[in-house]
Amino acid sequence: MAATSLLPENIHPLTDFLRHHKRHLQRLKRSQRPAVLTLNGKAEVVVQDAKAYQAMLEGIEALQAKAGIAEGIASMERGEGEAAPTVFAQLRKKHGLKPAK
């Protein structure tokens with residue numbers, strides 16, 4: 001799903017959604033875009049097809065992983081990291097483990 005802003009055609013009154021839910025659900029599945037439901041003219045809730053929502057969650061997780069990796073690399077480049085053997089020794093000591101043979 002391409003990133004888009006909420007377009008006017010994706011904003012609907014909650015009462016219309018309740019009255020015509022089958023039509024709205026078909027549109028949500030077809031478009032893969034979220035819809036804003038309004039109550040008294042104000043945005044109240046966002047609804048989205050489950051498949052599109054799952055894809056959005058997976059995209060967010062991938063971005064968070066990428067950001068974490070980038071931060072780790074930047075930290076190492078700043079000299080803030082520790083060598084793996086040092087970290088493993090600290091973990092063994094902390095948890096009372098013997099070195100692997």
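**Close-ups of a predicted model**

**View 1. Asparagine 40, out in the open.** At 77% relative accessibility, asparagine 40 counts as exposed, since the cut-off for that label is over 50%. Everything here comes from a predicted model, so keep that in mind for the views below. You'll find asparagine 40 in the loop between S2 and strand S3 (42–47). Check its backbone too: phi sits near 55 degrees, a positive value in a residue other than glycine. For context, most residues other than glycine have a negative phi.

**View 2. Glutamine 32, another positive phi.** Here phi is near 60 degrees, and again the residue is something other than glycine. Glutamine 32 belongs to the loop that runs between helix H2 (21–31) and strand S2 (35–39). Is glutamine 32 buried, exposed or partly exposed? With 22% relative accessibility, glutamine 32 counts as partly exposed; the buried label needs a value under 20%.

**View 3. Lysine 29 meets aspartate 49.** The two side chains form a salt bridge, with N to O at 3.9 Å; the cut-off is 4 Å. Lysine 29 sits in helix H2 and aspartate 49 in the loop between S3 and H3, so this pair ties together parts that are 20 residues apart in sequence. The two ends have their own labels: lysine 29 is exposed, at 55% relative accessible area, whereas aspartate 49 is buried, at 10%.

View 4. If you want the tally, a search of the whole structure turns up 4 salt bridges.

View 5. Zoom in on isoleucine 60 and you're looking at part of helix H3, which covers residues 50–77. Isoleucine 60 has 38% relative accessibility, so it counts as partly exposed.

Technical notes
Residues numbered from 1 in each chain as written. Predicted model: local features only at pLDDT ≥ 70, side-chain atom pairs only at ≥ 80, totals over all residues. Heavy atoms only, no water. Helix = DSSP H or I, 4+ residues; strand = E, 2+ residues; numbered from the N terminus. Buried < 20%, exposed > 50% of the residue type's maximum accessible area, 1.4 Å probe, protein only.
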